Amino acid sequence: MALVELKHLTKHFEVRPGLVDRTLRNKPSRYIKAVERLNIDVQENEILGIAGESGCGKSTTCMMIAGLLPPTSGEIRYRGQNLGTADAAALKMHRRNVQMIFQDPYESLNPRFRIADIVAEGPRALKLWPESEISERVIAMLAGVGLNPGKYAERFPHELSGGERQRVGIASAMVMEPEMIIADEPLSMLDVSIRAGILDLFRELQDQRGFSSVYVSHDLSILGNVADRLMIMYLGQAMEVGPVEQVIRSPQHPYTRALIGAVAIPDPRVKRPIPKISGDISRPIDPPPGCRFAPRCPYADDSCGHTFLELDTSDPGRHQAACHRLHVLPDEGL
Amino acid sequence: MSDTINIAEPVLEVKDLGVRYETSQGMVHAVSGVTFDVGKNEVFGIAGESGCGKSTLIRALLRLLPDNADSTADRMRYLGMDLFAMSDADFREKILWQEISLVPQSAMNSLNPVYRVGDQVIEAIRAHRSISKVEAAERVAELFDVVGLQSDLMQSFPHEFSGGMRQRAMIAMSLALDPGLIVMDEPTTGLDVLVQERILRRIREIRAEISSSIILITHDIAVIAELSDRIAIMYGGQFMEQASAIELFDNPSHPYTLGLKNAFPSIQNLGNELISIPGSPPTISGPISCCPFEPRCPFHIEQCAISLPQPLDCGNGHEVRCFRGDEAEQLRPLAADKNTWRSLN
Amino acid sequence: MSVSAMSRWLHSARLGVGEHYRIIQANTLSRIGFRVIVVFLLVSLFAPWIAPHEPWEMLYDSEGKLASLRPPSLEFPLGTTHLGYDLFSQLVLAARTTLVIGAVSGTISIVIGANIGLIAGYYGGKVDEILMRLTDILYGMPFLPFIIVLIALFGRKIEFVILAIVLIIWRTSARVIRAQTISIKQRQFIVAARARGASDLRIIYRHILPNVLPLLLLYAAFNIAWSIITEASASFLGFGDGETISWGGMLYELWLSGKTRVAWWWFAAPSVCIVLLVTSLVFVSRAYEEVANPRLRKR
């Protein structure tokens, strides 16, 4: 049984027209369909990477798995239990089991709290342990992320660098001993030379503690380095999923191929092929039914606009793409 | 992109540029000893992380420094004209935008939200050239075409543009007066992968059509690698290493460059272990008397903490600011080993 | 809440005396203002010992005549009223009334305003609408008729003066703090707090409030200043507390006597005090404004 199962997870945001439009002109609401019938299974001890461009719904998905945003429809099951029907105690447990690491190290720490208080906040809010034990754990955790407690515990966030702050963020998530960590682009706002250190820390902690993770990023190079499985999202739909090496080396879906082909390579000699997709990403407001990539896809046919393949992610070793035109694509490239 | 750029007649010559800020905490030397030339039709890339001084460098080139800044240079010449000797008025009228233009960082937020995009570019042109509105509009339509925007988009407002489109509009604006030199500050940061790819490709295509040189500043090593002819690595306000792009990637010689190479993931080499550089970029205060990278350098020797290394010529147009610059061959395999960097902690 | 939790809150609110002292000392005007306020505080504290006479004690001069409308002299440092009352004693005792009413009204109004602002801003939706409509209703409520009705119904007592002032003054701080709460609520460290399991109340009082505090203190000072002026206005119009003397009340008696154009000393003393105190409070609050809005600070 998977640790976390998302079934047909959907999130629509209503955009209501102004008062005049609504009452006098009877304009209907429009909907931002941020996430559409998403299925994700995350196994124990697995790092699932989710990649996609802006508007693909990856952050919204993160918030829903963490229980910070209620889904419009669909189920989130944790160890088999449906969160939608869970009672208060179960939800509190869920809070502890699923923790989040945030993107912006400059905004995700309360500027008025000392570092020790930031890390202790989770255990205190959930009343996990008595205060004396919390203090001990906080000190141990700070050391565990490479921050000398004697030096850092009493400081304020503005005295720390970006990399140090991100370590504090990781510590405040880990101190609660969660089973799953949702990482929402934790490296994108850090300097290049610092990123590898934080990534190392993440991997080290994962080795030691064996948690699962949903790691969201727009940077395929990093995902290639850290994830076990990779899922590609576009405008709220899952386009492809599979073991990370397979998805990156032999992408199947036209969107994935374009994406991977477009990633800049830090080598001046390499010349990349020109991707064949046109247009810009549209916003997921009132999107057409069917596959949302179809309008830009060079291989789309009529049925692409009506039907969409839902991926089954229960088998971690399986590589699938949500496309029924794969037979038309060339073996490689676009 | 070629290995042989004609630097005999450089478009921009900068020698020993330094910028200091006077702050309540003392004198901050944001830039010191920067020397480089940009040839005709060349893309000169400056790679550096936050705090390395690249924003200050740009502002110094464009005379956009705030009041509490003081810049000095042995030489700063554009097409032979001494930029330092020029008055503010002359610079603004003759150089800024006409000869040297800027695509600013987060260009997406540089457009005035209440005016149509086309009108903004038209106004920018007419502020410097006395041509009619109709002529200016024609020029803008041309420019939009060059950057790949449909001309009817001139009537749109900035909020109707996506991030990538706004970026292209800013590039169009920077090309408007046929400048000899365009400075692009983080042109693709914050943009999605596919959009970034399109903009990079566009910039490459534009190079064939126009004769402007480009100074490209970014922290993204991959972007620099794709576009630049020559590259400088900036750290602590100084250029640590300078070489042609291919030479730099084949034979990186400065420990910081070696560290950056390790830290940067590539989608082509998934299995590569990423090695980070311990510590964090410095905040520069006080005059630089020793190597700014020394605290984080696994190869430092006593001299590094005492005096400042001068650029060492490695041949082939390749310069390194390091006392051990000539030992690069031996240091490279050591730098590729994780334990070399770990030992610093 | 346990002692350690309280001390942690104080830490994050950074309500240490040292911090406040630093803020006030940073600015010349607020330094001066602070000293003036301290002087007034001391005067009002020791008023009964400083004032040589009772406020409504008819005084006679050495010749046995009623010391009516005497200009300032050695015997009567600020002169006397037409009924022979010593203005200096009145002023000093009135200082106490004014400060007490000002401080109490100001504090109560900021406590009410802050809580309403925090709760409306954080919860949004129906709660916000109800609370803001309430605030709007009170915005529409004119002060003077309101206090007239209250006093007419319940008499000229100090409690009703305070009540009337509080009910009018809390509205601005509520709006402002609500606005700042809304903006802080969106910030990522609040989302992080929710992710860590903090309840709504915990987020409001432990996470948001310390960040709103500079603005809150700014408005606390403003509220006290407004309360003082409001009380002076009400008293001047005859709607102040009947039993105790206040600066506004002194001006009221002056006006009633019809001697406004004659006795400049009677007019000057309380007016100068009101202006001085309120201005000092404003200067001090400006110092907090620089903390609340860092962009105002000098480089």
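Which residues in helix 3 (residues 117-126) of chain B are buried?

1. Basis of the note. This is a predicted model, in which local features need pLDDT of at least 70 and side-chain atom pairs count only at pLDDT 80 or more, while totals for chains, interfaces and linings use all residues. Residues are numbered from 1 along each chain as its sequence is written, and chains are lettered from A and ligands numbered from 1 in the order in which they are written.

2. Helix 3 of chain B. The buried residues of this helix are Val117(B), Gly118(B), Gln120(B), Val121(B), Ile122(B) and Ile125(B). A residue is buried if 20 or more other C-beta atoms, placed from the backbone, lie within 10 Å of its own. Their cover includes helix 4 (133-147) and helix 5 of chain B. Helices are DSSP runs of H or I with at least four residues, and strands are runs of E with at least two, both numbered from the N terminus.

3. Chain B overall. The chain has 11 helices and 13 strands. Its radius of gyration, taken over C-alpha atoms, is 21 Å, close to the 20 Å that the globule rule (2.2 Å times the number of residues to the power 0.38) gives for 345 residues, so chain B is as compact as a globular protein of that length. Of these 345 residues, 50% count as buried.

4. The sheet of chain B. Eight strands form an open sheet in the order 7-8-9-3-10-11-13-12, with mixed pairing; two strands pair if DSSP finds at least two bridges between them. Strand 7 (100-103) and strand 12 (312-313) of chain B are the edge strands, each pairing on one side only. Strand 10 (residues 230-235) and strand 11 (residues 238-244) of chain B run antiparallel and are joined by six bridges. Within strand 11 of chain B, Ala243(B) stands opposite Ile231(B).

5. Contact of chains A and B. Chain B contributes 37 residues and chain A 36 residues, where contact requires C-beta atoms, placed from the backbone, to lie within 7 Å. Elements of chain B that give two or more residues to its side are helix 5 (163-175), helix 6 (193-209), helix 7 (221-227), helix 8 (245-250) and helix 9 (255-263).

6. A helix pair in chain C. Ile116(C), Ile119(C), Ala120(C) and Tyr123(C) in helix 5 of chain C meet residues of helix 6 of chain C, including Leu131(C) and Met132(C).

Definitions and conventions
Contact = placed C-beta atoms within 7 Å. Buried ≥ 20, exposed ≤ 12 C-beta atoms within 10 Å, placed from the backbone.
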